[in-house]
Amino acid sequence: MSNQKKQIIINEITFWKQNKLLPGHYCDFLMTLYSEGNHSEEIEGKAKNAVISIEKRKKLSMATFFPIVASVIVLLLFTIQYEWVVIGVAGVFASCCLVGAMYFAKKNKILATMLQLATALAALGVTLKVCTSYFDGNNEMLYILLLVNCIFWLLSGIIMRIIYFSISGVLGLIIIIGTWMYF
């Protein structure tokens with residue numbers, strides 16, 4: 001059997017032992033069998049690292065799901081003609097992402113970050129949709145709603161000590177105030 005296949009099997013056995021899918025003595029027997037009696041901590045250490053990296057990839061793929069869904073919702077905000085339905089769906093999505101971000105803040109930093117970004121993107125989409133649907137042609141209302149969004153980002157960044165929200169809030173405020181004064 002090739003070393004790659006053996007390593008895959010050893011990784012699986014280590015995963016089973018860590019998650020108690022099989023009794024420990026069965027896993028030890030299988031580990032000895034597939035490592036051909038060379039069962040050492042080094043082999044098991046490599047297997048644990050491989051299992052951990054697989055779990056990290058799963059978490060990362062799950063974390064990228066939410067910004068993609070937020071992007072799709074923002075896209076739907078500007079393509080579907082039923083404003084209240086889409087605004088409601090986007091609002092519920094943003095609220096759920098915000099609650100999820102608070103829940104995962106200490107447990108899973110990557111997922112919490114992606115949920116925060118999805119919340120910000122969905123809130124921005126809802127703001128723009130409300131402005132284009134109900135205040136069409138009123139640039140002052142657009143600037144005011146965008147300022148509120150940027151202030152929300154800035155306060156969130158300061159309160160939760162998130163640098164990218166603070167930076168985006170400050171830059172947004174500078175750009176919006178600058179364009180408002182210019183036009």
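What follows is a conversation about helix packing and a pocket in a predicted model.

Trainee: Why are H6 and H7 called roughly antiparallel to each other?

Mentor: The axes of H6 and H7 cross at roughly 155 degrees, and angles over 145 count as roughly antiparallel, so the pair is therefore given that name. The two axes also come within 7 Å, and their crossing is left-handed.

Trainee: Which residues of H6 and H7 meet?

Mentor: Among them are Tyr143, Leu147, Cys150 and Leu154 in H6, which meet a set in H7 that includes Phe165, Gly169, Val170 and Leu173. By class, the contact of H6 with H7 has 15 nonpolar, seven polar and one charged residues.

Trainee: How do you know which residues leucine 154 is in contact with, leaving aside its neighbours within four places in sequence?

Mentor: Contact means heavy atoms within 4.5 Å, and, with those neighbours left aside, leucine 154 is in contact with Phe165, Ser166, Gly169, Val170 and Leu173. Leucine 154 itself lies in helix H6.

Trainee: How far apart are leucine 154 and glycine 172 in sequence and in space?

Mentor: They are 18 residues apart in sequence, while their C-alpha atoms are 9.2 Å apart in space.

Trainee: What makes H5 roughly antiparallel to H6?

Mentor: H5 and H6 pack at an angle of about 165 degrees, with their axes 9 Å apart. Because angles over 145 count as roughly antiparallel, that angle makes H5 roughly antiparallel to H6. H5 passes H6 in a right-handed crossing.

Trainee: Which residues meet where H5 packs on H6, and how do they divide by class?

Mentor: In H5 they include Gln116, Ala120, Leu124 and Leu128, and in H6 they include Leu142, Leu145, Trp153 and Met160. The residues of this contact divide into eleven nonpolar, three polar and no charged.

Trainee: Which helices each supply at least two residues of the lining of the largest pocket?

Mentor: Those helices are H4 (83-104), H5 (109-134), H6 (139-160) and H7 (163-182). About 430 Å³ of space lies in this pocket.

Trainee: What makes a residue part of that lining, and which ones lie nearest the centre of the pocket?

Mentor: A lining residue has an atom within 4 Å of a point of the pocket, and 20 residues line the largest pocket, of which Ala101, Ala105, Gln116, Met160 and Ile162 lie nearest its centre. By class, the lining has 14 nonpolar, four polar and two charged residues.

Technical notes
Residues are numbered from 1 along each chain as its sequence is written. This is a predicted model: local features need pLDDT of at least 70, side-chain atom pairs count only at pLDDT 80 or more; totals for chains, interfaces and linings use all residues. Side-chain values use heavy atoms; hydrogens and water are left out. On a 1 Å grid over the protein atoms alone, a cavity is a set of points where a 1.4 Å probe fits but cannot get out, and a pocket is an open set with protein on both sides within 12 Å along at least five of seven lines; lining residues have an atom within 4 Å of a point. Grid points are joined across faces, edges and corners, and a volume is the space filled by probe spheres set on the points. Helices (H or I, at least four residues) and strands (E, at least two) are DSSP runs, numbered from the N terminus. Ala, Val, Leu, Ile, Met, Phe, Trp, Tyr, Cys and Pro count as nonpolar, Asp, Glu, Lys and Arg as charged, and the others, Gly among them, as polar. Axes are lines fitted to C-alpha atoms, for helices over the stretch in contact, and angles run from 0 to 180 degrees between N-to-C directions. Angles under 35 degrees count as roughly parallel, over 145 as roughly antiparallel, 65 to 115 as roughly perpendicular and the rest as oblique. A crossing is left-handed if the near helix is turned anticlockwise from the far one by less than a right angle, and right-handed if clockwise.
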